[in-house]
Amino acid sequence: MHQHDVLIIGAGLAGLRAAVEAARMGVDAAVVTKVHPVRSHSNAAQGGINAPLTDRGDEWEGHALDTIKGSDYLADQDAVELMSREAGAAIIELEHMGVIFSRNEDGQLGTRRFGGQKVARTFFVGAITGSAMLHVLYEQAIKLDVNIYEEWFVSNLIIEDGACRGVVAMNIHSGELHTIKAKAVIMATGGAGRVFEPSTNALICTGEGLGLAYRAGAPLMDMEMIQYHPTTLAGSGILLSEAARGEGAYLLNSEGERFMKTYAPDYLELASRDVVSRAEQTEINEGRGIDGNILLDLRHLGRQFIEERLGYLQEVAVEFLGMDLAEQPVPIRPGMHYIMGGIKTNVDGATEVPGLYAAGETANVSVHGGNRLGANSLLDTVVFGRRAAVAAAEYARTVGLHSSDESMLELEKKRYQDLLDRPADLRSAHVRREMAENMTAGIGVFRDQASIDGAIAKVEELRGVYARVAVENKGKVFNTDLMSAIELEYMLDVAQAVCAGADARKESRGAHFRTDMPERDDENWLKHTLVYKDGDGARVETLDVTITNWQPVERVY
Amino acid sequence: MEQTLRVKRFDPENPGASGYQEYTIEVEETSTILDALIKIREEIDGTLSLRCSCRASICGSCAMRVNGQAKLVCKTRVNAVAPNGETITIDPPGNMPVITDLVVDFKPFWDKMRAVEPYLRPEGPVPETEYIASAESMDHLVGVVNCIMCGACVSDCTVLEVDSNFLGPAALAKAYRFVQDPRDSHKQDRLSVLNNYSGVWDCTRCMQCVEVCPKDVNPMGRIMKLRDLAMEAGFNNTSGSRHTESFAKSVKKNGRLDETKLAVDSMGRFNVPALLDSAPVGLRAMRKGKFPWKAHKSSEPEMVKRVFEKVEGE
């Protein structure tokens, strides 16, 4: 049995930032992660990180208002204010740690413009900002000698007397199951993109953090808020960063027209993501697409500029499309990208389950509400990753000795063995694909009651057949087949919660656009949806949005 | 179209059953090798183990050998490797112990990364805002931090194949990133460590790392630059450094290489054990009549001298 004061699940930006803070505080902390930290999906964040730097004449209020407007007034304004106020220090700290942010001519940090924001306040490293930050936070973890259970897969939480007191995890290299006791656990497991197909998300983004918390009794909040990114590649769903439009790229329909002028006359291509994705989908649906795509045109930016500022985008275009951004416009479409919803937390990462904290994409504080602004996700991870670590460490001090109870380990051993003993029948990959394609069809850019009902029925059917999912690989060492089967079980929980949220919210707001109820309804729905697990089903409650300084007004870009 | 992949299997619980296994699947024009491997895993054989995640050449999980050369399989198209549908052979990356199938133990890789103190070490008062650094210096480093730690360079490094102590191309490129960072205050200590055995002088300049790097990090170029920087910083007491200096001196003087002098200078004139060690090579050369008793001279040494003057003048 292993034991620590604070255990962090996941080693992306939120998890590593939390680990660095805990190490600085001198608490006994450890990170458990199913992939090596630098393989985490934070890597894929390309465009940058937002921060209003007040010494440059920017104001935190400006960033807060843009974020709240972007959220379609569903974000909790106290949380947004806190994030906007802490952003400047967070960026400077990252720079001091070693992130190679791009500079201006005076050697100061340079910025680019991003969607849904009035001013350029996005700090960046080429088009590899997430990767550059992740590697630096990993460097800091090495420097501070953070204890990392690398390639260990957490498959259940230990709940004792209603509080989270650790996890059961499989060492993927050996296949052995272990108890890791902790006085506080921080969930930093990222998103759940694999619940949809296609998705920009990595294959590891299976959302078991959401499923684990949901099963432990923590509510998942605003799960219907699924971000479809405006510029993804058909088929694979691979992302082309918003940085392209931030640097001036156009969106064109089949008539060669910059159609965003009809939908967002002021912001054009840099309206918020939900607005741009709906505009694209409308163009496609009305016959002005090209094979289900529209075009992203960077040609006027010039080859040198593209290669210097957007090198990774050019690499993606060349490698995956065989196209040259300097020569041709590339076909793109809206694709599932991010989940605004997540485990409900307060501004210190605390969930409704004592001892369980959450930060990053898996959490919902809520700062993104109905729609996240580009480059606010990285900010979210470092601000709230740090805060969760402080709160979890303080909480851990109030908890007595670890119990010696190992009953969850025995239950998990049995669960794994049952999966391995099932006779060959369904493959987890097939069930996942069926679920994921169904989710994209039902809970898409546009949805209505019929599509939501269809998704619900399919998810319930697949939850029923899960008992037939079998594992072909019976070996102990690096058994990814077995992991996939367990991940699927949690993905089906996430799918259930997303459907429940979408069914409950009887209005259109942010990314949740119902063609049968196209208006925002502030009178009845200035509310969060909270999905609780209830037996095998879901129960939905609501909670008022926190409004401080900014009254909801019509959202025009 | 149909495509056959010949995949190296290794089952640590039954090592005797290891070997190549062939799979034939349908692939698309645009399929990558990773797409093909995932399809095999999902449709034909759930026991196949590999690491993969982002599918977009940024997470660094899926480096492996394709027809003998390390590649990131998510950005390698099937038809680029097998334009006429030839069978493709997939092996795990080299120079690291195999755990199972295409999965290797990266521990040696990360241990070497740790050995170069891979984090910024600034000294002095911490500024209230950011460190001021030129745009050029930062842009230059972005080329290095493009490294995604996939291990392709380590897999195919010909030095690591014979000397596992070599820090290797990835760790040395990482070290370069800190040596060249204007915010770091430990350039001299870093160079001093890199100047030791297993460091910058152990590279044989075979270019493999440059060839296989999927992110154009150019590790060998970084290692060469580290050598220059180490010599400029006054670390001249290595055979590598002496080799470089003697090489240049000889060519500048004679227009050609004085091989005997080069060997003696490199080892150090008073390094009796090393000189005795290489005596057999010299004796064998003498016996075959190939010992270079006298330094050869170029027919136009003045021209070579002018080249040196031009380059050194720059």
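**A strand residue and its surroundings**

Mentor: Start with T542(A): leaving aside neighbours within four places in sequence, T542(A) is in contact with K527(A), H528(A), T529(A) and L530(A). Contact means that the C-beta atoms, placed from the backbone, lie within 7 Å. This is a predicted model: local features need pLDDT of at least 70, side-chain atom pairs count only at pLDDT 80 or more, and totals for chains, interfaces and linings use all residues. Residues are numbered from 1 along each chain as its sequence is written, while chains are lettered from A and ligands numbered from 1 in the order in which they are written.

Trainee: Which strand does T542(A) lie in?
Mentor: Strand β21 of chain A, residues 537-544. Strands (E, at least two residues) and helices (H or I, at least four) are DSSP runs, numbered from the N terminus.

Trainee: Does T542(A) count as buried, exposed or partly exposed?
Mentor: T542(A) counts as partly exposed, because it has 15 C-beta neighbours inside 10 Å. Buried means 20 or more other C-beta atoms within 10 Å of the residue's own, exposed means 12 or fewer, and partly exposed is in between.

Trainee: What separates T542(A) and G289(A)?
Mentor: Their C-alpha atoms are separated by 38 Å, and the two residues are 253 apart along the chain.

Trainee: New topic. Which residues touch the most other members of the largest nonpolar core?
Mentor: V6(A), V185(A), I186(A) and Y357(A), in a core of 268 residues. Such a core is a set of buried Ala, Val, Leu, Ile, Met, Phe, Trp, Tyr and Cys residues joined through C-beta atoms within 7 Å. Helix α15(A) gives the most to this core, with 16 residues.

Trainee: What is V6(A) in contact with?
Mentor: Beyond four places in sequence, its contacts include A22(A), V27(A), I186(A), A389(A) and A393(A).

Trainee: At what angle do α1(A) and α11(A) cross?
Mentor: Roughly 40°, and the axes of α1(A) (residues 13-25) and α11(A) (residues 377-397) come within 7 Å. Axes are lines fitted to C-alpha atoms, for helices over the stretch in contact, and angles run from 0 to 180 degrees between N-to-C directions. The two helices are therefore oblique to each other. Under 35 degrees is roughly parallel, over 145 roughly antiparallel, 65 to 115 roughly perpendicular, and the rest oblique.

Trainee: Which residues meet there?
Mentor: Among them are L13(A), A18(A) and A22(A) from α1(A), and L378(A), F384(A) and A389(A) from α11(A). The contact divides into 12 nonpolar, 3 polar and 3 charged residues. Here Ala, Val, Leu, Ile, Met, Phe, Trp, Tyr, Cys and Pro count as nonpolar, Asp, Glu, Lys and Arg as charged, and the others, Gly among them, as polar.

Trainee: On to the chain pair. How many residues of chain A are in contact with chain B?
Mentor: 50 residues of chain A, against 41 of chain B. Helix α4(A) gives the most to chain A's side, with 7 residues. That side has 19 nonpolar, 18 polar and 13 charged residues.

Trainee: And how many helices and strands does chain B have?
Mentor: 14 helices and 7 strands. Buried residues make up 39% of its 314 residues. The C-alpha atoms of chain B fill a box of roughly 70 × 65 × 40 Å, taken along the principal axes.

Key:
Contact = placed C-beta atoms within 7 Å.
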